[in-house]
Every structure is written in structure tokens, then in C-alpha cells.
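Trainee: Hi, could you walk me through this one? I'd like to start with a strand and then move on to the rings.

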Amino acid sequence: MKTKFQKLNKNELLSKNQSLFTIAFLLISSILFAQNTLSGKVVDAKGKPITGANIYIDGTYDGATSAENGEFSFTTETKGNQILIVSFLIYETSTTSIDVANYKNQTIKLKENVNSLDAVIITAGTMESGDKARVSVLKPLDIVTTAGSAGNIIAALQTLPGTQSVGEDGRLFVRGGEASETQTFVDGVRVSQPYGASVQNLPTRGRFSPFLFSGIAFSTGGYSAEYGEALSSVLLLNTQDEPDQNKTDIAMMTVGLGVGNTQKWKKSSLSVNVNYINLAPYQAAVKQDVDWNRPYQSLSGESVYRYHFKNGIFKLYTAFDTSKIDLNQKNINFENPIRVNLVNNNFYLNTVYNGTFGSNWQITSGLSYGYSNNKKDIDLAHINDDENAAHLKLKLRKSLSNRVKLSFGADYFITKYSEDFQDNLPPTITNEYDSNIAAIYAETEVSFSSKLAAKVGLRASNNSLLDETALAPRISLGYKVAKNSQFSLAYGDFTQTPVVDYIKYSKYHQFESEKAAHYILNFQYNKTGRTFRAEAYYKDYSNLVKYDTQTIQYNSVFSNDGTGYAKGLDIFWRDSKLYKNLEYWISYSYIDTKRDYKNFPTSATPDFVADQTLSVVTKYFVTDWKSQISLTNSFSTGRPYNNPNETKFMNGKTKSYNSLSLSWAYLLTTQKILYFSVSNVLGTQNVFGYDYAKNPDATGTYNRQAITPTADRFFFIGFFWTISQNKNENQLKNL
């Protein structure tokens, strides 16, 4: 009898064997090619789900995107330990080592990316502009299209809060500080003589042409430990890294001529401009309240050479100017005018290298040299002074992590000054000094989150002339309270060598550095096309120079016993969204400041300070007229002055200052512009202060004369022509 198995035919046995083989193959495949399921949830630092995060295994295509609730799930054929990457826009990318077989229902917490576009930036005391600025307050274009600025960087900056417009001087006065308390830097290296030559009660101008610069940072206090020898402010001018094309600029003006040329090659470029100013034709047409023997003349030029290396850029900036002033000045103490004849020659050279090396290191090295010579004749007195100044700089910077950045470096300032004075007859008196200041600094930037950041620095300097060493801590914080709003705090100690008027007598007297401490609270709102800033500050001055004579002289008794303070509020609003083709900004400043320095008998507000200032700047492009029209109105309350006919010191106050300026740029063709401007359109009779006689007259009265502008208005007409391959390029940005 056959069994059941014996009854199976050949085909049935074959079918059974195939089934067994398939089962065995699937079993082996499931072992060799097993798929693992990964799952979890992506959340932010507060535990809120993140939608749309990208999750994947490094080196594979296995991954998923988080759902609305932050959850994700996907399978992978990888096994063992793998790298799981999670990324999303404004968060730091997460990289985690995992075991794929056991990675289920895990929570991934992403940190905010502190380098995101809307992350907090520390803005206390600093207003930046240019292509690299995170928040633009005053663009380089604004410098030269602001009515009343006449292409002068300093005049345009005087429309910003925190500055004082001192019309008889022309330099930059910031938050109760004198002009000498502001230092100027080109590409991070100091300019020792940033202003043109001038004489008493005639305003000067900044030496630099705006069109070579791509960015500006103007700090009214609390600045980085990188910068020293400035009590109140630093102005940072950054030259262009790369011009856009070859071009030639030609300018024909009522006050002179100008020409500029830019050549661009594969790795390098060169920009050069030369200007000649002669006020003789202008003064023949417009009456001046100045008795000129020879109208003002100057010849100046600048150049920037750039070379791009594989890991950096080298820039060489040079500038020169020579100017002549010869006039007769009225003086309340003399019956006849005093002749003042001044010839100034100035040269400035600046070399900077910015690059990278090694593992994410950045380096900046620079050297500047400035030479200034003044030959001045004041009636029968002859003065000849020379200043040679150099600055050497090295700065290193490294990102230790995405949240921590370290920078440190060293400075060395060298100044040699000599003045020869001869009054009618020999002998010649020589006053001179040699100053060497060595400094090192370190600064750390820490981003705790995209909402909170801090910067802490320390600067140490040694002054060989004063025989002293100073430590200056600096700290600032920034906290973002909303998407477009943030607060900043800053504190810093600052020191500066006394000005040349004092320090040239250092062989007779021992001086100390003057000091100031800054405390700043800042709020800033910034949204596309609109910026609002409000900043409160307090400055505490100490070690200011005092002397006991009516004027500064070698036998004055000097001391560093002077003190002072400045406190106030600055407000700035800029808007380009209100109306098409219209842009405007409003600056308001209030300051309360007093000093006991110089020969002051008591603490008082200095004569260059107005307690309230207001500037309104508007720019409107009229398409149908092919014109840009700009209006600037500057207002300030009266400034104090000392009236010796009264018993109280600094008891007088001038009337309020007001000046409305207008400019009009008309495009004859795209590359040819006719430009017209007039300052103080309304002809307001402004008074800057008063000079009093040193001695009373027969009635016991001290007579005075008003310090006023050289003319009620200043007119300017210019024709500007750009020649380039790009037919849309013009000099509108340079006016």
C-alpha cells in the first residue's frame, strides 16, 4: 500500500520545492536588507513644533519633512550608527549620532541661528551704512545729495542726532565733546589730520571726497576696544573693495574743476581724482563779509589701488592737498585788521590688507602715515609747524563657534610735532614733542541666542610721553524684543592725550591723559524703508586740562583737575515708504552739559553747545522733470557765551540758529547733470557768538563784535559728466 507522499507526482514535488525556496529567500532578504523606521518630533527651544524641517540620514536619500505638529517618520535600509541631520532656515543645523534600529519617538530641539538676518545686533552708540551694514542709517549716497552739505562728509553727518553744528569751525562736535575728541579712521587705520586748513572763525571741511568710500560707521559713544585715543566719537570710512567698471568723471563748478578716472583689471583696480578750487570768480560775483588779500585756493587729489589675492585684498590709499588763505581779519582788540596768511601742505598714506588664513582666521594689518605743514604769518609774527604721525595696526579674528567670536590685536601710534615761533625779531622759540603710544586689546562677541548678544572687551595702552599706562574696559549688550525692535546697552572707559595746544608745552609741564566714561541706552526699530532710533546717554569727564592764564602760553600753570558731564537724548527717524520717490529723515537732540576746564572759573556749558538741535532732510525725485530736489532745515537753540560786562560766567546766549538749504540736480542726459544748490535760502541773520575786548573802554564797558558767517548765503552751480560703457552711470551719487 502506497503512502500519501508516495502518491505525489513529480510536478507536485517540484512545486513544493519552489515554495520552500521562495520562503527561504524572503527570510534571508529580510535579515540582510531589513528596513528600520525612524520617528520623532522637531521643536524649538521653547518646545513649540517646527513645521517643514528637513530630516535625513547623512550620505543617503533617506529622510522626511516635519509635519504641522513637528512630527516625522521615515524608513531606511541603513543599519548601525549613523548621523542624523535636521535643518531649517532660521535655526542652527542639528547633527546627532544615532542607532537607526532604536531611534523612535525622539524629540529634536533646534537652537535659533544667531547669524540669521533678523538676529540681534548691538547698536548702542553706532550708526552704520553701506553694503555690509545690517541696518543702514545714513548711506554714502546721502553724504553728497544732502542739501547744504556741498559734498562735505562732515556737513552731512551734522544732520544726525548727537552732533553740533558749529558754523564758525566746521569740524565734528559730538555730545558735548570738542572736535578733537573725535577720531577718523580709513579702513580701520587712523587719520591724524582729517580736516583742511583754516583760520579763526572760518569753517574748515573734511579732507576726503565721498565717492571713494562705500560705507560709513559713525559712533557717538561706547565704541569697540579696537579704537583708542578718542574721548567722544569715532568716524570709520571704508573705501570701495571693487569698482563696478571703467569710467571717467568730469566736474566744472563755480568754485573750481575736478576730474576722476577708474580703471579695472582682472585682479586689480585704480581710482584717482584731482580737484582744483579757486574762489576768486565766485567772490567777484557774490559779496563776502571777509576782506581777502587773495581768495582761497587749493589743489587736492586722492587715489585708491586695490589688488585681490586668493585669500584677501590689499588696498593702498593716498591723498594730498595744498591750500592757501590770505585775508585781513577784524579784531575787537585792535584798531586795524590783522593780516593772516596761511599755506598748508598735507599728505596721507594708508595701506591695509584684509584676508583669511588657516582654520577660519581673519587678519587685518595696516599702516598709515600723515604729514602736515603750516606756514602762518599773523601780522609780524611767523609760525611754522610740522606734524609727522604714523599708525601701525594688527588685528586677528576667529569664530570659535557659531555663537562665540574672538578678536584681538595691537596698535602703535607715533607722533612727532615741532613748532617754530618768531615774533617780529629773533630769537625763534621752538615747542615740540614726541609721543609713542602702544596698545593691545581683546574683545569677545557672544550670541546667547538670536535675541540676546554681548560684546566684552579690554584695551590696555602705554603712553611714553605721559609716562602712564591705562586700562579701558568696554561692554555692550543687545536684546531683541520683537522682530524689528531691540534694546542695546553700552558702557566704556576712554582716554586721550591732551590736544597739541597743551601738549606742545610738555617739556615745561607734566600732563596726564584726559578721561571719559560712557553710559548708553539705545532702542532701535528697523523695517524695510523705515528706521527709528532713540538713545539716552551719560558721559562723565575727568582729568580735563585746566590753565590759569587768559590765553594758553608756555608759562601757564597747567593741571588735570578739570571735570565735566554730558547727558541727553537723541532721536532719529528715517522713512522712504510714506510717498513714492520721497525720502526724508528727522534728527532731534537734547543735551545738558557742563565743564570746569580750560580757564573756566566755575563749571559751565561750553560755547559750542546748543541744548536742542533739530534737522529735517527731504529728498524727492521728480520723474517728469528728470530731477532730484533736496531740502535741509537745520535749527538749534542759542549757544552760551561769556559777557565780561556781567558778573555771572557764561551768562549770555545767542539767538536761535536756523538755516534752510536747497539743492536741485537736473539730468540733461543720463550721464550729464546740471546741479544747483544754495544754503540759507531765507537769508537768516545767524550769529555764532561774540568776541569781547580784553580790556574795558573809558566807560568801563567791554566792547564786542559778532561772529557771523562769511556770507548770508552760499550759491553753487556745477556741471557733472560721466563717461563709461554703462550709459546709465552718472554722478548723481557724488553731488
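Mentor: Happy to. Helices (H or I, at least four residues) and strands (E, at least two) are DSSP runs, numbered from the N terminus. This is a predicted model, so local features need pLDDT of at least 70, side-chain atom pairs count only at pLDDT 80 or more, and totals for chains, interfaces and linings use all residues. Residues are numbered from 1 along each chain as its sequence is written, and side-chain values use heavy atoms, leaving out hydrogens and water.

Trainee: Great. Which strand holds V259?

Mentor: V259 lies in strand β16, residues 256–264.

Trainee: And is V259 buried, exposed or partly exposed?
Mentor: V259 counts as partly exposed because its relative accessibility is 45%. Buried means under 20% relative accessible area, exposed over 50%, and partly exposed in between (1.4 Å probe, protein chains only).

Trainee: How many helices and strands does the chain have?
Mentor: The chain has five helices and 40 strands. Of its 735 residues, 47% count as buried.

Trainee: Switching to rings, how many aromatic pairs are there?
Mentor: A search of the whole structure gives 32. Rings of Phe, Tyr and Trp (its six-membered ring) pair if their centres lie within 6.5 Å; planes under 30 degrees apart count as stacked, over 60 as edge-to-face and the rest as tilted. One of the pairs is F173 with F608, tilted, at 5.2 Å centre to centre and 40° between the planes.

Trainee: Where do F173 and F608 lie?
Mentor: F173 is in strand β10 (residues 173–174) and F608 is in the loop between β31 (582–596) and β32 (612–622), so the pair ties together parts 435 residues apart in sequence. F173 counts as buried, at 5% relative accessibility, and F608 counts as buried at 5% too.
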